[in-house]
Amino acid sequence: MRKNLNVIAAYSIMMGLIILVGIFQSWNIALSIFNLCLISAVMTMGANIQWGYAGLINFGIMGYTALGGLAAVLISVNPVQEAWSVGGLNILFSLFLIIGMVLAVRYVLNKYEKSKTRTYIIAVIIILGIIIIRFVSEPGIEAIEEVDPAKTGFLGGFGLPIIFSWIVGALFAGGLAFVIGKIALGLRADYLAIATLLISEIVIAIIKHEDWLTRGVKNVIGLKRPAPYEVNLQQTDWFIDLVEKFNSSKLNLISDFAERQAALNQFVIEGSSIFVKLCYSGLFLIVVIALLILTQKALYSPWGRMMRAIRDNEEAANAMGKNVVKQHLLIFVLGSAIVGIAGAMLVTQDGLFTPGSYRPMRYTFLIWVMVIVGGSGNNFGAILGGFVVWFLWIEAAPIGLYLVNLTTAGLDDSHFLKVHLIESVPYFRFLMMGIGLLLIMRYRPKGILPEKIEIK
Amino acid sequence: MDFLNAIILLLNYIFVPALAYGSQLALGAIFVTLIYGILRFANFATGDMMSFGTMFTILFTWYFQSVGIGLGLLPTALLAIPFAVIFMVGYMLLIDKFVFKYYRTNKSPPVQLAMVSIGVMFVTQAVVRIIIGPSDRRFFDGEKFLIRAGEFKDMTGLNEGLAIKSTQVITILVTVILVSTLFWFLNKTKTGKSMRAYSDNEDLALLSGIDPKKIVMITWIIAGILATIGGALYGLDKSFKPFTYFNNMLPIFAAAIVGGIGNPFGAFLGGYVIAFSEILLTYAYKKFFMYVLPESMEPDGLVQLLSTDYKFAVSFSILVIVLLYRPSGIFKGKVL
């Protein structure tokens with residue numbers, strides 16, 4: 001208990017802060033911050049596995065998040081029958097062609113020695129393949145995108161419950177990570193960072209512009225939910241009773257019946273959205289706790305020890321007979337898969353998929369700030385980092401506004417400096433993140449909760 | 001005649017824009033490469049540092065415009081750049097003193113410095129947005145075109161017009177002057193040679209009496225000049241928006257790595273490789289083939305290899321291919 005005191009203290013402070021938001025702002029805001037904190041925590045756990053356990057830099061987090069989101073769309077949306085009938089065959093045929101192309105390239109790679117001719121053959125296969133695939137897929141894509149473009153214009157998904165997408169998102173992201181890992185893991189640390197960053201941009205470009213698959217920048221809205229809808233809740237009896245019980249002390253003060261009913265209605269409307277958010281919190285908590293248990297187990301297992309050995313001295317680990325390349329690839333895939341889960345969770349919570357909103361600032365660099373601030377190599381630290389940084393990211397605007405008002409109190413309300421500063425309050429969050437990151441890196445380079453390895 | 005038309009078409013839509021865009025990328029790429037070669041880290045704040053310098057250029061341009069100082073046909077920004085450079089260099093030296101110096105003297109691994117540069121990126125981005133705001137700004141004034149498409153058609157009697165924007169000519173001229181001065185400096189002067197020595201082998205350079213503080217300071221000064229001018233030229237040619245500048249970091253990185261990171265000449269050429277491939281692969285060649293081929297063979301589609309949406313993706317794919325086959329870049333990196 002004693003040695004975990006700082007962990008407990010840090011988490012209690014964090015929960016206290018969220019409760020304070022609940023009391024002073026509203027429980028709705030507090031819960032939405034809490035939910036996004038949980039999602040961020042999943043993402044940081046994924047990044048932490050790669051960076052903290054194995055020392056791999058992955059700046060492609062945005063790409064895996066988006067793929068997770070794509071999984072949510074493809075799993076939950078009902079299939080668009082018309083689109084399938086006009087263009088489905090072309091798409092399926094192109095898919096086979098792609099698989100055939102990959103197999104052909106693999107065959108050439110395995111069959112022949114490395115030489116210039118081999119490189120040229122591969123290049124010819126790929127170029128020819130792309131041209132053929134374009135000829136096959138183009139009419140299909142055009143037909144699909146013309147099917148009621150205002151509402152669908154894409155193939156749709158499988159119409160399954162959205163919860164499944166959390167697993168599928170992990171598979172998608174893991175698959176992408178496998179390909180990227182094969183290409184890029186041999187690179188030196190900072191090259192790897194740049195390469196993964198750029199590859200994730202390619203992924204986003206594809207998701208944004210392949211309308212037949214994702215609707216692109218037209219967004220997919222109204223995804224299915226794993227939680228009940230507010231409107232339905234507001235008409236269910238047991239829920240109204242529950243709200244009445246919760247607020248009985250306040251309601252009893254009102255004697256007039258009509259007024260009492262109006263007040264109750266208000267409580268029910270507020271309560272329904274809090275209830276829905278609580279449902280999400282419950283689901284997310286399950287994921288976070290399950291992942292935490294698994295990652296903790298892995299950290300203290302022989303496998304975890306081997307990963308740390310590889311991280312701390314690659315050559316020595318190699319000399320001891322550990323397959324560094326294979327382990328790096330494995331951990332790259334695992335970490336990315338966890339990020340994929342988070343991406344699917346995010347879209348599940350929002351109920352919409354907006355490819356345009358995936359930006360490296362929010363989905364890559366912010367997650368990295370979380371990992372560094374929280375404490376790389378320590379799962380509790382990573383989760384805490386997700387909480388702290390997301391909390392600050394949201395609350396930076398109110399804090400910034402307060403600070404601006406405080407420092408410019410002497411100025412007139414219409415003074416240009418004050419007006420300008422108040423307008424730019426949203427950007428104080430970048431300032432706060434940057435300064436926070438720099439301070440942590442300088443004075444506590446191992447993060448708030450540093451890595452602590454005890455042999456059990 | 002048709003053949004001439006086709007050539008003018010390509011000049012107008014591919015060659016001139018790509019040359020200007022490539023020059024802007026090249027300046028940024030040399031900036032990245034210098035930092036990488038001498039200070040030994042990948043600077044993720046590149047795009048935002050460029051936008052910081054451009055912001056000062058814009059502020060000075062506004063000031064000069066408000067007091068009525070201008071350059072006539074040339075944009076006022078050219079007059080503002082030297083002042084902006086002073087502020088930019090000051091900012092960079094300040095950052096170096098308070099942020100990067102600590103890690104350099106501690107001999108931290110490059111990864112840690114890259115992380116620190118992300119912190120600098122956040123701060124710089126915030127400062128730019130707080131001072132000038134996130135919106136799109138144009139600060140170009142003066143004569144817009146050197147040759148207008150219509151004038152060119154009248155002059156030559158061709159069907160296709162060739163429009164050359166004055167910003168494009170300024171960009172190319174300034175880049176040529178700046179880059180040749182830089183190469184002269186690196187290859188011929190004593191300080192430049194010591195910079196190359198320091199980049200090549202730090203310990204050996206220290207042994208032979210090179211002052212590392214001076215090298216680092218000069219690197220930041222050159223970097224400041226490159227960042228401000230590169231950013232300002234991009235802003236003049238297109239427009240200034242902090243978010244675009246942040247995104248420009250990606251093709252700039254691609255250019256630096258394609259050219260061989262640490263090698264300024266490679267970075268210079270890398271900028272053009274990226275720019276030309278982006279534009280060549282996403283241009284619709286329909287009109288070109290209409291001129292070149294006989295009427296019976298005219299193409300139906302746009303004859304576009306990739307849609308323009310994938311402009312950025314092209315440069316990144318080139319980067320991936322280069323990393324796979326020649327990880328040290330086309331022109332062999334790490335030699336400065």
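Helix 13 of chain B has 15 residues, which at 1.5 Å a residue should span 21 Å. Its end C-alpha atoms lie 22 Å apart, which agrees. The expected span is 1.5 Å times one less than the number of residues. Helices are DSSP runs of H or I with at least four residues, strands are runs of E with at least two, and both are numbered from the N terminus. The model is predicted: local features need pLDDT of at least 70, side-chain atom pairs count only at pLDDT 80 or more, and totals for chains, interfaces and linings use all residues. Residues are numbered from 1 along each chain as its sequence is written, while chains are lettered from A and ligands numbered from 1 in the order in which they are written.

Helix 13 of chain B holds a set of buried residues, including Phe312(B), Phe316(B), Ile318(B) and Leu323(B). A residue is buried if 20 or more other C-beta atoms lie within 10 Å of its own, exposed if 12 or fewer, and partly exposed in between, with C-beta atoms placed from the backbone. The cover over these buried residues includes parts of both chains: helix 6 (164-184) and helix 7 (189-209) of chain A, and helix 10 and helix 11 (264-282) of chain B.

The contact between the chains takes 35 residues from chain B and 31 residues from chain A. Two residues are in contact if their C-beta atoms, placed from the backbone, lie within 7 Å. On the side of chain B that touches chain A, helix 3 (77-105), helix 4 (110-132), helix 10 (242-258) and helix 13 (311-325) each supply at least two residues. Helix 4 of chain B gives the most, with 14 residues. By class, this side of chain B has 28 nonpolar, 5 polar and 2 charged residues. Ala, Val, Leu, Ile, Met, Phe, Trp, Tyr, Cys and Pro count as nonpolar, Asp, Glu, Lys and Arg as charged, and the others, Gly among them, as polar.

Chain A comes to 19 helices and 0 strands. Its C-alpha trace spans about 90 × 60 × 55 Å along the principal axes. Of its 456 residues, 40% count as buried. Among contacts in chain A with a separation of 6 or more, 83% join residues 24 or more positions apart.

Helix 1 (residues 5-24) and helix 2 (residues 27-53) of chain A pack at about 150°, with axes 6 Å apart. They are therefore roughly antiparallel. Angles under 35 degrees count as roughly parallel, over 145 as roughly antiparallel, 65 to 115 as roughly perpendicular and the rest as oblique. The contact involves Ile18(A), Val21(A) and Gly22(A) of helix 1, with residues of helix 2 including Trp27(A), Ile29(A) and Phe34(A). Ile29(A) counts as partly exposed, with 16 C-beta neighbours inside 10 Å. Ile29(A) and Ile18(A) are 11 residues apart in sequence and 9.2 Å apart, C-alpha to C-alpha. Phe34(A) and Leu278(A) are 244 residues apart along the chain, yet their C-alpha atoms are separated by 9.7 Å. Leu278(A) lies in helix 12 (residues 257-300) of chain A.

Helix 16 (residues 360-374) and helix 17 (residues 379-407) of chain A pack at about 125°, with axes 7 Å apart. That makes helix 16 oblique to helix 17.

Note on methods
Axes fitted to C-alpha atoms, helices over the stretch in contact; angles between N-to-C directions.
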